[in-house]
Amino acid sequence: MEKGGITLFTNALLVYKPVEKCLEIANRITSSLRIHGIPVHAISVDDLFTKRENEEALDFDLIVSIGGDGTFMKSAKYSTFYSLILPYPCGKRNAYYEQGLPDPAKIVERVLKGDFYLENIPLYQLCTGETCKYFVNDAVFVSSDLGKVTKFKVTITSHTAETSMLFEGDGIITASSHGSSGHNLSARGPLVMPDHESLIITSLNPLQLGLPSIVAPPYSTVRIWVKNPTLLYADGEQLTLLKDNSVVEVKHGFRYVRVVRFREKRNIWRSIIEPRQCVF
């Protein structure tokens, strides 16, 4: 499809949650894209390759994510500097999705006409030595010896300050502003509006009473020292087992995921709080 003589998309990756409802939506979007001559590579989120060097890892200029927040986070890491991500909700937790979207075929028509807005969601980096990984939502450090606390030291460096905090507990969460609605919120951390590009540091079951969460200024660098072996997770996936006295650096990745939106503004609080209501 062209807009003003410019081809918007030449190929598409469709990532779906493997349940009946999501499969139905995936089939409808795939058919609509192919009718307009756009090749589609469809794959279950469970089978999505995370290593870009894999032979099936191609560059797609449109990525369609059909599922919940977990599907979106995995899809986001598959994007390139030129990719656009189209999220279509089909899950229990949809903080990264717009609610009340029209029929999938109509959505495809709007996207191909360029009738949408773009939201830039930042990626953050986790660096251990010279190895760095990206995350969208959060990074979670948990003592590998479950039931036994360990020591953590958090150092935050910004343009105007450097401050440190030492505590003992089960773990620590470093969440992005977008990710503040996930594990961070469950651990009674603050809910931060997503356009504030900061990192939120929340301790898990600290021995020190009244230990508050910290919202680091945008573009700060957070260094986390762990005394004992600690499991490191990024966006819900285990990355590695950190050894004694390891240091991990968390910082803004200066890279963004470009997300297709159809409304200029979203009701962020409703999309976050409504799915968390108790059901009896």
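Q: Why does L118 count as partly exposed?
A: L118 has a relative accessibility of 42%. Buried means under 20% relative accessible area and exposed over 50%, with partly exposed in between (1.4 Å probe, protein chains only). At 42%, L118 falls in that middle range, so it counts as partly exposed.

Q: What kind of model is this, and how are its residues numbered?
A: This is a predicted model, where local features need pLDDT of at least 70 and side-chain atom pairs pLDDT 80 or more, while totals for chains, interfaces and linings use all residues. Residues are numbered from 1 along each chain as its sequence is written, and side-chain values use heavy atoms, leaving out hydrogens and water.

Q: Why is R261 called buried?
A: The relative accessibility of R261 is 3%, so R261 counts as buried. Across the chain, 48% of the 280 residues get that label.

Q: Which strands hold L118 and R261?
A: L118 is in strand β7, and R261 is in strand β18, residues 246-261. A strand here is a DSSP run of E with at least two residues, and a helix is a run of H or I with at least four, numbered from the N terminus. Counted this way, the chain has 5 helices and 18 strands.

Q: How do you know that β7 and β18 pair?
A: Two strands pair if DSSP finds at least two bridges between them. β7 (residues 117-128) and β18 have 11 bridges and run antiparallel, with I121 standing opposite V257 in β18.

Q: What other strands pair with β18?
A: One is β6 (residues 84-89), which pairs with β18 in the parallel sense over 2 bridges; there, L84 has R258 as its bridge partner. Another is β15 (residues 221-226), joined to β18 by 6 bridges in an antiparallel arrangement, where W225 stands opposite V247.

Q: What does L118 touch, leaving aside its neighbours within four places in sequence?
A: Contact means heavy atoms within 4.5 Å. L118 is in contact with L84, R258, V259 and V260. As for E264, its C-alpha is 8.7 Å from that of L118, although the two residues are 146 apart in sequence.

Q: What makes the link between the side chains of R261 and E119 a polar contact?
A: The distance is 2.7 Å. A polar contact is a pair of N or O atoms within 3.5 Å; within protein, one must be able to donate a hydrogen and the other to accept it, and residues adjacent in sequence count only if both atoms are side-chain atoms. The R261 and E119 side chains qualify at 2.7 Å. Beyond four places in sequence, R261 touches several residues, including E119, Y96, F116 and R266.

Q: Why are β14 and β17 at the edges of their sheet?
A: The sheet is open, with 6 strands in the order β14-β13-β12-β9-β16-β17 and antiparallel pairing. β14 (214-216) and β17 (237-242) each have a single partner strand, so one side of each has no neighbour in the sheet.

Q: How do you know that the chain agrees with a compact globule?
A: The radius of gyration, taken over C-alpha atoms, is set against a rule of 2.2 Å times the number of residues to the power 0.38. For 280 residues a compact globule would be near 19 Å, and the chain has 20 Å, which agrees. Along its principal axes, the C-alpha trace spans about 60 × 45 × 40 Å.
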